[in-house]
Amino acid sequence: MISIIQEEFKKRFGEGATCYASPGRVNLIGDHTDYNLGFVLPGAIDKAIYVAIRPTEGPVSRLYSVDYKELLEIDMNGALPDKLWARFIYGVVQEMKKRGATVGAFECVFGGDVPLGAGLSSSAALESVFGYALNDLFGLGFSRADLARIGQMTEHNYVGVKCGIMDEFASLFGQKGKVIRLDCRSLEYELVSFEPVGCRVMLIDSMVKHSLASSEYNVRREQCEAGVAVVAKHVQGVESLRDVTMDMLDTYKSEMEPIVYRRCAYVIHENQRLLEGCEFLKKGDYKAFGQKMFGSHEGLSREYEVSCEELDFIEEIARETPGMLGARMMGGGFGGCVIHLVEEKVHDAYLEEVKSRFQARFGQTPRVIDVVIGDGARKLI
Ligand code: ADP
Ligand code: MG
């Protein structure tokens, strides 16, 4: 991939490019916990966006997308570009300027192998690689945490996606063989060893689009807030579900709708599963960790109700498969991928089984994405 980008750069702009990469991510456990100020456990993956880039004179930057085969000339002091992919880059520059940086014009060629819209956060990889590259190229002095915030604010202000910070954080802070236990309240993080020998991390894309995702997402947020409001009437200092224990929730259960109770219970349990799961990872007990993944799916499906038939179908086959350590839907829900932690020796047979059964039931073959936990944003050459 990187050599294609370098070649294209030479052809279009000549010599003198510096190359950078920043990856997509998976989240091993902890969904819908971020906006409740809980924990998430992402890891960067071995699929990334790559850029070859060089500063240039004058007001106009030249951006070539290898994957879209499009060249755009953009004045970063001018108006918001129409093309979505260019908004990510334009947005990063604007967010840097807001923070006092002087960002010069540049010429670049970029592309990557993070599948788009599959829940692996190709958009965060794109923001992060440009953030990292421009910061290095122009000596701007931003920290990785600053760059994560710049990426997140790019999504908010120039793309219209009000996302949390997990994706950018993972893309920038990831390390090979490590996952990131990120506290979404304080943004403190801990790298936790993740090297399951003889196992693979694999995703199966249900190919279902998230049509319900945004409206249901808002409903879930409101239900969580409703639960917090009930407990906060009685217990001082409760501001989010992070401050609520199962004991508190049970004590005031009668004052809330049963559905609100279930939603809140899921979030509290998911944080517990994640924290306990990290302790298992530290001991190298991947089997016990995998059980937490299955538990997470059950919670997402039954208590939080953000799964769908296709995701449940895949997860159920996974659960029945000996040698499958864990599996769960990943992301906001109503579609997207099931992430698996699977023993190498059953990987192929499981895939065959799940593909043919999925095909028979839903009439299409799900896409398979194998990933390895890899390094975060970096300079290549
Ligand atoms: P994801 O879940 O993968 O982040 P998004 O819809 O948030 O999906 O972001 C996908 C968008 O990011 C694409 O529509 C495109 O604008 C941009 N993008 C991602 N990868 C690339 C790429 N390799 N080349 C150009 N643009 C990309
Ligand atoms: Mg995205």
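**Contacts and overall build**

I started with contacts (heavy atoms within 4.5 Å). In the protein chain, 71% of those with a separation of 6 or more are between residues 24 or more positions apart. I noted that this is a predicted model, where local features need pLDDT of at least 70, side-chain atom pairs count only at pLDDT 80 or more, and totals for chains, interfaces and linings use all residues. Residues are numbered from 1 along each chain as its sequence is written, chains are lettered from A and ligands numbered from 1 in the order in which they are written, and side-chain values use heavy atoms, with hydrogens and water left out.

Next I looked up the overall size. A compact globule of 381 residues would have a radius of gyration near 21 Å, and the protein chain agrees at 22 Å; that radius is taken over C-alpha atoms, and the globule rule is 2.2 Å times the number of residues to the power 0.38. The C-alpha box, along the principal axes, is roughly 65 × 50 × 40 Å.

I then checked burial, where buried means under 20% relative accessible area, exposed over 50%, and partly exposed in between (1.4 Å probe, protein chains only). Of the 381 residues, 55% count as buried.

**Strands**

I counted 11 helices and 13 strands in the protein chain; these are DSSP runs numbered from the N terminus, helices being H or I with at least four residues and strands E with at least two.

Then I looked for its partners; two strands pair if DSSP finds at least two bridges between them. Strand β3 (residues 42–56) runs antiparallel to β6, with eight bridges, and V51 has F110 as its bridge partner. Strand β4 (residues 60–65) pairs with β6 in the parallel sense over four bridges, and there L63 stands opposite C108.

I also found an open sheet of three strands, ordered β2-β7-β8 with antiparallel pairing. β2 and β8 (189–193) are at the edges with a single partner strand each, so one side of each has no neighbour in the sheet. Two bridges join β2 to β7 (residues 178–183), and F39 stands opposite D183 in β7.

**Aromatic rings**

Rings of Phe, Tyr and Trp (its six-membered ring) pair if their centres lie within 6.5 Å; planes under 30 degrees apart count as stacked, over 60 as edge-to-face and the rest as tilted. I got 15 aromatic pairs. One of them is Y35 with Y217, edge-to-face at 5.2 Å centre to centre and 75 degrees between the planes. Y35 is in the loop between β1 (18–27) and β2 (39–40) and Y217 in helix α6 (residues 213–234), so the pair ties together parts 182 residues apart in sequence. Y35 is buried at 14%, while Y217 is partly exposed at 25%.

F169 and F173 are stacked, at 4.2 Å and 15 degrees. They sit four residues apart in helix α5 (residues 166–173), about one helical turn. F169 is buried at 3% and F173 at 13%.

I also noted one aromatic cluster of W85, F106, F110 and F130.
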